Amino acid sequence: MKKHNFYAGPSILSEYTVKNTAEAILDFAGTGISLMEISHRSKEFVAVMDEARALVKELLDVPQGYDVIFLGGGASLQFCMAPYNLLETKAAYLDTGTWASNAIKEAKLFGQVDVVASSKDANYSFIPKNYVVPSDVDYFHYTSNNTIFGTQMKKDPDVDILLVSDMSSDIFSRPIDVSKYALIYAGAQKNLAPAGVAVIIVREDALGKVSRPIPTILDYRTHIKKESMFNTPPCVPVYAALQTLKWYKELGGVKAMQKRNEEKAAVLYGEIDRNKLFKGTAAVEDRSVMNVCFVMNDEYKDLEDEFAKFAASKGMVGIKGHRSVGGFRASIYNALPLESVLALVEVMKEFEKQH
Ligand SMILES: *Cc1c(COP(=O)(O)O)cnc(C)c1O
């Protein structure tokens, strides 16, 4: 039976990415040895790293004065690395979910943190609006897409302060205006590659302004200077990332991704709103196009386990909701085809008919 992969992360990758990476693991670039065995300093792998960094720049229209880094440690390392490099006295943070609050916790180790707004009391079911960001902060940090709660900031915040953003679960899903940012970071395992690497876009002139000493490996300038080869990079995830980036380019880039994603999301939310058994958990205007959270309507609550089993029997994988929201979450990242969304909708319709 065909499986439809709705896992939240690690999550679905394009067939192009999986196949090409599998082939390179057997024989990398005609070298006769595996991608897992080759020196990261070999000319073949250096070419992979260079092309991956260049493609990130091309796809996101990264302006002059910014650098792209691939670095191990995931997005969570960036929760501390960002303030380590950028927070001198005070930073503003928007608290929109578990990942945002983890970032806040780390930033507090480095300076004063002004949490400008939080939707915690509403179990993070919406994105706060009309907050004021003080003008005397070093940067304003926000999470563009809240993977666990299924909410998403629809556009860059309109503030006159350099932005820092955790874009782990929606990077490459739409165009962004990089020039507004001091730093963008994303763990790879949602829209890019297997876990083990993060992609970082950093503005060079935002660096070197803090007075504290920074350990070499945690200093962004190290990785810019060494072109993401300061130490051994996670070669397999970087190679897989390059395949995904090539696939995005072939399909028409992030604008084309945005169109596909909006179409998929409209189909799924449309069914959640129509079907008598289900309801969405996120505020309608903040609904994520990447992570779709839904629960059974109150009068059908006791059908939850039955629906989970029914969906699994039809090939749906990974739709169990995060424990902090309950119910279901269908992650419909870039690589998930419309066909999988249609299959899930069919399962929801069929289940409704039986009840
Ligand atoms: C998954 C995720 C993280 C954590 O990423 P790691 O690579 O596991 O550290 C952080 N932020 C967001 C928004 C995520 O979705």
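Q: Buried means under 20% relative accessible area, exposed over 50%, and partly exposed in between (1.4 Å probe, protein chains only). Why is Cys 80 called buried?

A: Cys 80 has 16% relative accessibility, and the cut-off is under 20%, so Cys 80 counts as buried. A word on the background: this is a predicted model, in which local features need pLDDT of at least 70, side-chain atom pairs count only at pLDDT 80 or more, and totals for chains, interfaces and linings use all residues. Residues are numbered from 1 along each chain as its sequence is written, and side-chain values use heavy atoms, leaving out hydrogens and water.

Q: What makes Asn 123 partly exposed?

A: Its relative accessibility is 39%, which lies between the 20% and 50% limits. Asn 123 sits in the loop between strand 4 and strand 5. It also has a positive phi of about 50 degrees, although it is not a glycine.

Q: How many disulfides are there, and how do you know?

A: A disulfide is called when two cysteine sulfur atoms lie within 2.5 Å. By this rule the count is zero.

Q: What makes a set of residues a nonpolar core?

A: The members are buried Ala, Val, Leu, Ile, Met, Phe, Trp, Tyr and Cys residues joined through side-chain atoms within 4.5 Å. The largest core here has 89 residues, and Leu 60, Phe 70, Phe 172, Leu 268 and Phe 307 touch the most other members. Helix 6 (residues 235-251) gives the largest share of this core, nine residues. A second, separate core of 31 residues includes Cys 80, Leu 86, Ala 107 and Leu 218.

Q: Why is Phe 172 called buried?

A: Phe 172 has 1% relative accessibility, so it counts as buried. It is found in the loop between strand 8 (163-166) and strand 9, and it has a positive phi of about 65 degrees although it is not a glycine. For background, most residues other than glycine have a negative phi.

Q: How do you know that strand 12 (residues 291-296) is largely enclosed?

A: Six of its six residues are buried, so the rest of the structure largely encloses it. Strands are DSSP runs of E with at least two residues, helices are runs of H or I with at least four, and both are numbered from the N terminus.

Q: What makes strand 12 a partner of strand 11 (residues 278-280)?

A: Two strands pair if DSSP finds at least two bridges between them. Strand 11 and strand 12 have three, and they run antiparallel; Gly 280, for instance, is the bridge partner of Phe 294. Strand 12 also pairs antiparallel with strand 14 (residues 328-331) over four bridges, where Asn 291 stands opposite Ser 331.

Q: Why do the buried residues of helix 4 (residues 98-107) count as lining one face?

A: The buried residues are Ala 100, Ala 103, Ile 104 and Ala 107. Seen down the axis, they fall within an arc of 100 degrees, so they line one face of helix 4. That arc is the one of the directions from the helix axis to the C-beta atoms.

Q: How do you know that the radius of gyration of the protein chain agrees with a compact globule?

A: The radius is taken over C-alpha atoms, and the globule rule is 2.2 Å times the number of residues to the power 0.38. For 355 residues this rule gives a value near 20 Å, and the chain has 21 Å, which agrees.
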